[in-house]
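Hello,

Here is the model we talked about handing over. Please have a look, then read my notes below.

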Amino acid sequence: MSELSLSFTPLLPWPALAALSVAAIIIALLSLRAGGRGAPLRLATLALVLLALTDPSLVREQREPLRTIVPIVLDRSESQSFGERMAQTEAAKAALEPALQKLGDIEPRFIDAARPGAEADGTRLFQALEEGLKDVPRERIGAAIMVTDGIVHDIPANAAALGFKAPLHVLVTGHEGERDRRLELVEAPRFGIVGKDQTIRARVVDSNLGGTEPVVITTRRDGQALEPIVARAGEIVDIPLRVEHGGANVVELKVEALPGELTAVNNKAVVTIEGVRDKLKVLLVSGEPHPGERSWRNLLRSDANVDLVHFTILRPPEKLDGTPPHELSLIAFPTADLFGRKINEFDLIIFDRYSNQTILPSVYFDNILHYVDNGGAFLVATGPDFATVQGLYYSPLESIIPARPDGSLYERAFRAHVSKDGEKHPVTRGLEGARSNPPAWGDWFRQVDAEVVKGNSILTGANDKPLLVLSREGKGRVAALLTDQMWLWARGYEGGGPHVDLMRRLAHWLMKEPDLEEEALRASAHGHDIAIERQSLEEKIDTVTMTTPSGATSQIALAPAEPGLARAHHAAKEMGLYRFQSGELTALVNVGPENPREFREVVSTTEKLKPLAEASGGTVRRLSKDASGAVTLPRVVEMREASVFGGADYIGVKRTGASELKGVETAPLAIGLWGLAALLGMIVLAWGWEGRGWEGRR
């Protein structure tokens, strides 16, 4: 294909040529006014000179026609998996390719619009279209075709935003009259204070059902069923929930599926409430003044999140004398308040070198037992008295203390070691200095000789005897520290030791900090990648059972990562709630948004894309079936420029006329032999004509 055109390459700037042209016209007018016989020829000669200065050329371009590009965007989002939609999409793809290729100069380009990343929510067909046409000049696009269910979440505001002047045609999958019920989150809290209630606001929406009958919303928190809520379709209901623990509290909401419903995937919603503890209330009771009590007090007071109540018993019963009470400045020990009415207000009770001094009547020891059994935390930091019959072990607390003294003390230098269980336990795993042999921390000089009767010894001391023992009692937890020498580390004796880390971890384990659980199953999602972690003191960690949002189950093998920890990763292919099970342990994690846009509306529609398609000159229609049930498409035809590219039974592709330049031939008109001959000829003609005019006058 060749194209012929006239091209100018002026030898002078255009303003200079314009000035010369004006001067030539003035000269010609003056000559005509003077009655000169050769004025027209002079004007023609000046015009030829000016034309020569523009350097006119005939240009012949050799061009090769380019094929028109027609992008076909195939919706591969999760909502396309419902019903026959994906099969309709594949049938449309199979029919469109030969129909476009039959036109001869059309190049179909198929673009799969898969699910977006975790940062993007919803179906994004126009983003996929833009990325698929990065290497295509916009003038080559003859039309764009989308095969989708019509639920698109990145629709441009107008046709100009498409970036090309060509029709957009939409072929909608699905069927008329589809029915669906979904559970929609209206308001969901992200954080909550442990022990306090939070409110989730939700609504049940029925599409094409039209009913307002009562609907039961079942609720589960961390896998445990709660009281169901009764609501009506379209009505916003408040669902109160107690934040039971720190860390992730996973709440599942669900409504029953209806017969003939399009999908049950959106009949449930997941809310993760991060539990945050308010001020922790700790009661520290020191049986007598000693250097170690200051270490506990300083540590607990240094934490702004801890509200500390500390009492030191300065006048035990054996030191009572006849001093009148009004002459004493000591505060009476408020046993009735602390161990009676207010005991359940404390998150942790510490008895530091407290012996069975009859300060507490046996009813208050019973209160401590009930407090621990109902979920409280109790720590006994022992001293020499613990090895005697006056020790706490020989009180009603015997049933919860995990170490039984044998009546003797070790009073010589020894170095604390992390036990085999301690290497796996979060309280002592990775303590600074523990990996060297001996550990890189200072000596202690006193330890109660005791035997573990329950729980796990995570620190050992002299003769490999238990030094720190942890145990679970009912819903609560108990720890026994069989030395009163921790303060030596705090004072930096022989380099000290990790007393702050150890004491803080110990206190937080007692108060059920999720990250310090010795037997735990955790799962977290980062985009579509799920990280699974199993914490255990067992020698062998079994596989974990995974249940996907659709209900499919599979086994996941974990690989050892460090002592007591095994990990694995899983690439999630579905959005929604995943459940992981290991024995009695359960972990829940939600992949994707808590209220995904992709599943808020799943009923196919032609209305969302219709305004944009019609503004571009395109059409929107549902895919139809023939008598055999096969998907049929409208005819595809090529059209010249028009306002509407489509009709009842056809869709149009605009002819773009795009071409690629292959070569250029140039023929100068003013410069060269022919240009010079024309100019000289005109000058000679003008001279001759004027010469005859002068002769006639004479």
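Just after helix 7, Gly-375 has a positive phi of about 120 degrees. Helices (H or I, at least four residues) and strands (E, at least two) are DSSP runs, numbered from the N terminus.

The model is predicted: local features need pLDDT of at least 70, side-chain atom pairs count only at pLDDT 80 or more, and totals for chains, interfaces and linings use all residues. Residues are numbered from 1 along each chain as its sequence is written, and side-chain values use heavy atoms, with hydrogens and water left out.

Helix 7 first. Its buried residues are Tyr-364, Phe-365, Ile-368, Leu-369, Tyr-371 and Val-372 (buried: under 20% relative accessible area; exposed: over 50%; partly exposed: in between; 1.4 Å probe, protein chains only). They cover an arc of only 160 degrees around the axis, which puts them on the same side of helix 7. The arc is taken from the directions from the helix axis to the C-beta atoms. These buried residues pack against helix 6 (335-341) and strands 18 (348-352), 19 (377-381), 24 (466-473) and 25 (476-481); contact means heavy atoms within 4.5 Å.

Next, helix 3. Arg-85, Gln-88, Thr-89, Ala-92, Leu-96 and Leu-100 are buried there. Down the axis of helix 3 they fall within an arc of 95 degrees, so they line one face. Ala-87 and Ala-94, on the other side of helix 3, are exposed.

Last, Thr-428. This residue sits in the loop between helix 8 (420-424) and strand 22 (447-452). Thr-428 is buried, with a relative accessible area of 1%. Beyond four places in sequence, Thr-428 touches Val-418, Gly-422, Ile-458, Leu-459, Leu-502 and Arg-505.

Best wishes
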